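I opened this structure for the first time and kept short notes. The entries follow the order in which I looked things up.

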Amino acid sequence: MTKRRLPVLAVLLAAALLAGCVPRAQSLAQRPVPSPTAAASPAPSPTPGQGLGGWQLERTADQQKYGSAGLLAWPCILFSIYLDEPEGGAVWTDEEIAQSQQTLATAVDWIEEQAAGYGVTPRLYYGTDDLIAHLGWTAPFVGGTGADEGPSFREEIENLCTRLDSDTLAQTYGTSSIGFLVFLPVSGCSFTAVHFLEDGSTYYHEYSCLYKENSFFPAGSAESPTVYAHEILHQFGAPDLYSGSNDLYVTDELVSYVAENWPDSIMMDTYNPDGTLQYDAIEKSLCPLTAFRLGLTATFPGIEQFPAAAEDPPGTFRMDPQTDVSRWQDNGAVATAPAA
């Protein structure tokens with residue numbers, strides 16, 4: 001489910017992962033997000049002033065179009081934020097953080113391998129000390145199956161993301177594209193908040209809220225790399241391809257088409273065929289429709305049958321079916337150019 005829409009409980013296990021609810025969070029403890037200090041394989045320096053800190057008042061058309069994560073074909077930073085509950089509540093141990101970062105590595109490796117199959121080699125930076133923050137929160141998390149952390153969560157996470165020294169990160173890694181991974185130490189239904197075309201320069205920062213455990217499984221069942229990859233792909237424009245998806249062009253007919261032609265699509269479900277979780281690998285595919293919506297290909301099989309899936313620019317989401325998206329079109333160019 002997508003940002004600023006009312007949360008819907010998943011009816012089927014395979015439909016439990018929703019793309020971006022509208023949650024807003026409780027106040028963050030007064031601990032600053034650490035500024036990065038170490039460089040890790042830096043790419044060429046970006047144009048001065050293009051860090052997120054320089055975008056608060058006025059953002060370019062591309063930035064207003066795609067949101068903070070940009071496009072998968074562009075270099076992008078995945079910044080991990082681990083949040084602890086107040087004293088006596090659930091927290092992240094160093095061992096658990098290391099385990100989740102290994103899960104993240106499996107997810108990123110899979111994304112890069114799948115994109116390479118479409119002729120695109122993403123550069124996703126993550127996992128170094130300057131790309132991980134461990135912070136305290138001032139209230140317990142909701143968790144559970146509702147994919148909703150309350151009415152203030154989105155606002156507080158937006159404020160938290162804004163505090164990041166993103167200009168320094170941009171100069172370190174050579175990109176202004178940043179997607180945020182917010183890790184919560186409880187059991188829940190992971191979700192992603194995305195940027196919509198209608199948002200313009202607001203609701204700019206995109207993040208995936210990833211729970212320590214999957215609330216649809218017995219206690220102690222850690223979230224899987226397939227879930228991580230599913231949620232991260234939302235930040236780059238991948239729609240949910242299951243029945244009940246809130247993406248405007250995802251109809252029951254399209255869901256049936258995907259199930260028949262690409263039954264292992266990661267955006268359709270994140271479980272093994274027998275309904276179990278898998279931790280050592282991701283046995284799913286980045287189907288041609290998802291690749292098209294990510295901007296990796298110029299078309300997909302079935303585009304004539306489902307032209308609505310091609311109305312919006314690749315890498316974007318739209319909230320209102322009546323929105324005029326013509327000003328966002330870029331002559332159908334596949335989005336493989338480096339971020340400016």
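Does Gly-315 count as buried or exposed? I looked it up: Gly-315 has 4% relative accessibility and therefore counts as buried. The terms I use are buried for under 20% relative accessible area, exposed for over 50%, and partly exposed in between, with a 1.4 Å probe and protein chains only.

Before going on I noted the source. This is a predicted model, in which local features need pLDDT of at least 70, side-chain atom pairs count only at pLDDT 80 or more, and totals for chains, interfaces and linings use all residues. Residues are numbered from 1 along each chain as its sequence is written, and side-chain values use heavy atoms, with hydrogens and water left out.

Entry: overall layout. I found 7 helices and 6 strands in the protein. Helices (H or I, at least four residues) and strands (E, at least two) are DSSP runs, numbered from the N terminus. Read from the N terminus, the order of elements is α-β-α-β-β-α-α-β-β-β-α-α-α. Of the 340 residues, 58% are buried. I took contact to mean heavy atoms within 4.5 Å. Among contacts between residues at least 6 apart in sequence, 78% join residues at least 24 apart. The protein exposes about 13,400 Å², and carbon and sulfur atoms supply 52% of that; accessible areas come from the Shrake-Rupley method with a 1.4 Å probe, and for residues only the protein chains shown count as cover.

Entry: Gly-315 again. I located Gly-315 in the segment after helix H7 (288-293). Leaving aside neighbours within four places in sequence, Gly-315 is in contact with Tyr-66, Leu-71, Phe-236, Gly-237 and Arg-293. I also checked Leu-294: Gly-315 and Leu-294 are 21 residues apart in sequence and 4.9 Å apart in space, C-alpha to C-alpha.

Entry: Arg-318. Arg-318 also lies in the segment after H7. With 9% relative accessibility, Arg-318 counts as buried. What does the side chain of Arg-318 join in a polar contact of 2.8 Å? I found the side chain of Asp-312 there. The Arg-318 side chain also reaches the backbone oxygen of Asp-320 at 3.3 Å. A polar contact is a pair of N or O atoms within 3.5 Å; within protein, one must be able to donate a hydrogen and the other to accept it, and residues adjacent in sequence count only if both atoms are side-chain atoms.

Entry: helix H5. How many of the 11 residues of helix H5 (residues 225-235) are buried? I read 11 of the 11, so H5 is largely enclosed by the rest of the structure. The buried residues of H5 include Tyr-228, His-230, Glu-231 and His-234. They pack against strand S1 (76-84), helix H2 (94-116), strand S4 (178-188), strand S5 (191-193) and strand S6 (207-214). Gly-237 follows H5 and has a positive phi, near 115°; Gly-237 is also among the contacts of Gly-315.

Entry: helix H4. In helix H4 (residues 166-173) I listed Ser-166, Leu-169, Ala-170, Thr-172 and Tyr-173 as buried. They cover an arc of only 165° around the axis, so they are on the same side of H4. The arc is that of the directions from the helix axis to the C-beta atoms. The buried residues of H4 pack against S1, strand S2 (124-125) and S4. Gly-174 follows H4, and its phi is positive, near 75°.
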